[in-house]
Amino acid sequence: MASINPHVHYNGNAEEAFEFYKSVFGGSFSRLMRFKDLSTEGFQFPEEELNKIMHIALPISAGCVLMGSDVPAMLGTVNENENRSKITISAESKEEADKLFHGLSAGGTVEFPINNSPWGSYFGAFRDKYGVEWMVDYSE
């Protein structure tokens, strides 16, 4: 069966964001490449881009990997306030839902506080401090 692995772009703070996500989800990065790792004799990234993240991957469960990268300045700026896609986390327990919701929403903006929803699940939604939108859901 196919799986979905979200990939999020950042404006130079991908490493900071992923260190934060790792502090909430746990685990370790399965991949971390910087733009300097891609520089070749025929193509060099500008000096100020070399230590930015070209690709980072954090496995968060079996078959699910959260991925991201910084956007090089030559490609423009990501409009973090217009990111209307959401990453949905299906928790295995109410306790896990609370831990993930409160951990990831720290410093962000809660749109829908985690609570019993009108449709019967335990649900919350927020934009984290990096502009990424999340939904946490638990259904028995």
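A polar contact is a pair of N or O atoms within 3.5 Å. The legends below use the term in this sense, and the views are taken from a predicted model.

**View 1. Strand β6 at E111.**
E111 is found in strand β6. Its side chain makes a polar contact of 2.7 Å with the side chain of K86. E111 is partly exposed, because its relative accessible area is 38% and the partly exposed class lies between the buried limit of 20% and the exposed limit of 50%. R127 is 16 residues from E111 along the chain, and the C-alpha atoms of E111 and R127 are 7.3 Å apart. E111 is also one of the residues in contact with F126.

**View 2. Strand β7 at F126.**
F126 belongs to strand β7. With a relative accessibility of 0%, F126 counts as buried. Setting aside neighbours within four places in sequence, F126 is in contact with F101, L104, S105, T109, V110, E111, V132, E133, W134 and V136. Two of these residues, L104 and W134, are listed among the residues with the most contacts inside the largest nonpolar core.

**View 3. The loop between β6 and β7 at S121.**
S121 is found in the loop that runs between β6 (109–116) and β7 (122–127). This serine counts as buried because its relative accessibility is 4%, and the limit for buried is under 20%. Two polar contacts of the S121 side chain are shown. One, of 2.9 Å, joins it to the side chain of W119; the other, of 2.5 Å, joins it to the side chain of D137. Beyond four places in sequence, S121 touches N115, N116, D137, Y138 and S139.

**View 4. The largest nonpolar core.**
This core has 29 residues, and those with the most contacts inside it are Y10, F18, Y21, L104 and W134. At least two core residues come from each of β1, α1, β3, β5, α2, β7 and β8. Helix α1 supplies the largest share, 7 residues. Around F18, the residues touched are Y10, F29, I56, L58, L66, M67 and G68, not counting those up to four places away in sequence.

**View 5. The largest pocket.**
The largest pocket holds about 540 Å³ of space. It is lined by 24 residues, of which I60, C64, I87, T88 and I89 are the closest to its centre. Two or more lining residues come from each of β1 (7–10), α1 (14–25), β3 (53–61), β5 (86–90), α2 (94–105) and β8 (133–138). Strand β5 gives the most, with 5 residues. By class, the lining has 13 nonpolar, 6 polar and 5 charged residues.

**View 6. The whole chain, for orientation.**
The chain has 2 helices and 8 strands. From the N terminus on, these elements run in the order β-α-β-β-β-β-α-β-β-β. The C-alpha trace spans about 55 × 30 × 25 Å along its principal axes. Of the 140 residues in the chain, 39% are buried. Among contacts between residues at least 6 apart in sequence, 53% join residues at least 24 apart.

Definitions and conventions
Residues numbered from 1 in each chain as written. Predicted model: local features only at pLDDT ≥ 70, side-chain atom pairs only at ≥ 80, totals over all residues. Heavy atoms only, no water. Helix = DSSP H or I, 4+ residues; strand = E, 2+ residues; numbered from the N terminus. Buried < 20%, exposed > 50% of the residue type's maximum accessible area, 1.4 Å probe, protein only. Polar contact = N/O pair within 3.5 Å; in protein donor to acceptor, adjacent residues only side chain to side chain. Contact = heavy atoms within 4.5 Å. 1 Å grid on protein atoms, 1.4 Å probe; cavity = no way out; pocket = protein on both sides within 12 Å on 5 of 7 lines; lining within 4 Å. Points joined across faces, edges and corners; volume = space filled by probe spheres on them. Nonpolar A, V, L, I, M, F, W, Y, C, P; charged D, E, K, R; others polar. Core = buried A, V, L, I, M, F, W, Y, C linked by side-chain atoms within 4.5 Å.
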